[in-house]
Amino acid sequence: MGQPWQGLHRSLFGKYFVVLFVAVVAPLLAGGIGNAWFGYRDQRAMLDALLQLEAASAAGQIRNFLDGIRDQLGWTVQLDWRPGSEEQHRRDAFRVLRQAPAVAAITLVDGQGTERLHVSRVDLNRSGSGIDRSADPAVSGASTAGAWYGPVTYSAATEPFMVVAVAGNRPTVGIALADVNLKLIRDVITGIRIGTTGHAFVTDRWGRLVAHPDISQVLRGTDDATAAGLRALRAKVAAAGGAMALQSHDGEAVLAAVAPIAGVDWTVFVEQPVAEALAPIRAALWRTGGLMLAGTLLAGLLACWPMASPGA
Amino acid sequence: MARRHVASAWSGGFLDPVPNAGRPRPGWVRCLIHLAGVLAAALPVAAAAQPGASPRIGLLAFWPCDPATYAQGTGEFGPLMKGLEELGYQAGQDLSFDCRSADLDQDRFKAAATELAGLAVDVIVTTSQPAGQVAHEVTRTIPIVSVVSGDPVAAGLAQSLARPGGNLTGVSYYATELTAKRLELLREAIPQPSPLGVLSNPDVAYLPFEEDTKQAARQFGIDLKIHHVAKPAGFEAAYRQMAAEGVRAVFVLPDLMFAAEAERIASLALTHRLPVMAWGFWFAQLGCLMAYSADYGVMQHRLAFYVDRILKGADPGDLPIEQPSNFYLTVNLATAKALGIALPESILLLADEVIE
């Protein structure tokens, strides 16, 4: 009694199951996969654009930091160096120290390149020392271009400094040279957040770290291998024309974009871990997967439901 | 009969019945029960796999331990606590603190540090060079985060600033580097500070404060009257002698005992009508004329950063010792008025805090 009935119901059940399953799940599958694929492409394109924007914005903020210092220095090169004007110049220099915490020391040279004043937060001030600074590239650089940004140097092999030199609108006001403590870019850099786990950092033209949210990476000094690696990374990402997925110099899988900082030949890297960047895409994939599973279960249940009655 | 047919109908599909008498449970219900059982078994395992007790931070204090004050953000370790809070740690939940103090006696640092080392804390934090040095003598394995003075390389605490290499790291506060600058600032405020009284604690003679002061004084043509004070009781006598010598101002060299006795130093100065240049901002707040040093708030905040990195697994030998980049000049205008000193505008310009 059971055998032929079972055979019949098997094939009937089978047919029902296959038809319903295919009718429900196949479109679901096709839609899901298509969604995922196109969604991924769209998401990546958006991410690329976003990261590039973030990089440009970060470069702008660093640029603002440097411009702020340059502008403050401008106040010290407005008055001629005349006998008796030393006190006024000293006052101006103190005011820059007040307004620009990143400036560790200011040197004022006159129109002939002779040092007239040096004020510092740490070393002793000098007045009328007569040191000849006319051969200094900072002095000649500022005289020709109006502003000059020096290379990044590491004091005590660990603290990043750079010289910013500014000239006035006429030679008689001389040139102002500032020793800028680059650790104070820290506030700008840590304020740049890409998503929740992304960050930005800055390298100079030789690939050495200038600013990083983890300042110890800057203070430790960038060895030649890492610097070369960063230079290569910079070239690769710049050539890609947009954001790129790659291994960061820390060994993390990230999406990275770069932007140059004009005037100082630095580069801003903006990185976001791939896990966070692609999280929406992965979420969409899980959703689709979940829906397909639910659809499959539903199809199975629907296939079984007609079978309950014939048994009565 | 009907039941058995229902059973066999179910058996044709992927839903298998329970092969026993009684109500056949559909396969999916069985599956759910299995899953629930597995989850119930897995949860305790997952809970056991959670990280163990929260990290313990050892505080090696000079002043008596005062956790209540620290929690409010003031006191010896207040800025450290605040810094840790800003980095996302909740005191009591994520961290626990063990504080041992030298109770204002530098000789008791060793006992306090040994106790902390015995407690197997995850990191020891100190806010002064002497404390850091003693902690380094006591343990070479427990990470130490400290404020350092002078040259940590020469003191044997680190191999280099960029890579300390051992178990000690932290921030420098340019205690010695700023000596000449303080003298220069005092000269700016008081054009003829000669003869200049100097208060120095012979217990910290291993740091070149006196030598740097003498050198700067030679450069400025200032006549120094150096007085050694090793105990709080010695200040009265020192001031009386300085008054007798006719000093025009007092220069206080950095030292822990002096830091704790700031109020006494300031009030004696006011009694003898002497302007005082010290290093820590609290001196000026308590009545001294001026104080100049690296910014303490920023420094102690940086200590929190080091603690955070070490708790996350960084090797203290890989964390560079930072130099100060923010400096703080405090000026007490009320004291200036009381002493009849007209402070030049340049000093007021440079001041980061003016106390009226």
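A residue counts as buried under 20% relative accessible area, as exposed over 50%, and as partly exposed in between. This is a predicted model, so please keep that in mind.

With that cut-off, B:R56 is partly exposed because its relative accessibility is 29%. B:R56 makes a salt bridge with B:D98, with 3.0 Å between the closest N and O atoms. B:R56 sits in strand β1 of chain B and B:D98 in strand β2 of chain B, so the pair ties together parts 42 residues apart in sequence. B:D98, at 15% relative accessibility, counts as buried.

Next, a pair between chains. A:R91 and B:E345 form a salt bridge at 2.4 Å, N to O. A:R91 is in helix α2 of chain A and B:E345 in helix α15 of chain B, so this pair joins two chains. A:R91 is partly exposed, at 23%. Salt bridges with shared partners link A:E87, A:R90, A:R91, B:E188 and B:E345 into one network. Over all chains, the count is 33 salt bridges.

Now the domains of chain B. The assignment gives domain 1 as 17-174 + 295-326 and domain 2 as 176-294 + 328-355. Their contact takes 18 residues from domain 1 of chain B and 19 residues from domain 2 of chain B. Between them they bury about 1500 Å², 66% of it on carbon and sulfur atoms. On the domain 1 side, B:Q106, B:Y174 and B:Y296 lose the most area, together 38% of what that side buries.

How many salt bridges cross this interface? The rule finds zero, but it finds six residue pairs in polar contact.

Key: Residues are numbered from 1 along each chain as its sequence is written. Chains are lettered from A and ligands numbered from 1 in the order in which they are written. This is a predicted model: local features need pLDDT of at least 70, side-chain atom pairs count only at pLDDT 80 or more; totals for chains, interfaces and linings use all residues. Side-chain values use heavy atoms; hydrogens and water are left out. Domain bounds come from an automatic or database domain assignment. Contact means heavy atoms within 4.5 Å. Buried area is the accessible area (1.4 Å probe) that two parts lose on being put together, summed over both. A salt bridge is a side-chain nitrogen of Lys or Arg within 4 Å of a carboxyl oxygen of Asp or Glu. A polar contact is a pair of N or O atoms within 3.5 Å; within protein, one must be able to donate a hydrogen and the other to accept it, and residues adjacent in sequence count only if both atoms are side-chain atoms. Helices (H or I, at least four residues) and strands (E, at least two) are DSSP runs, numbered from the N terminus. Buried means under 20% relative accessible area, exposed over 50%, partly exposed in between (1.4 Å probe, protein chains only).
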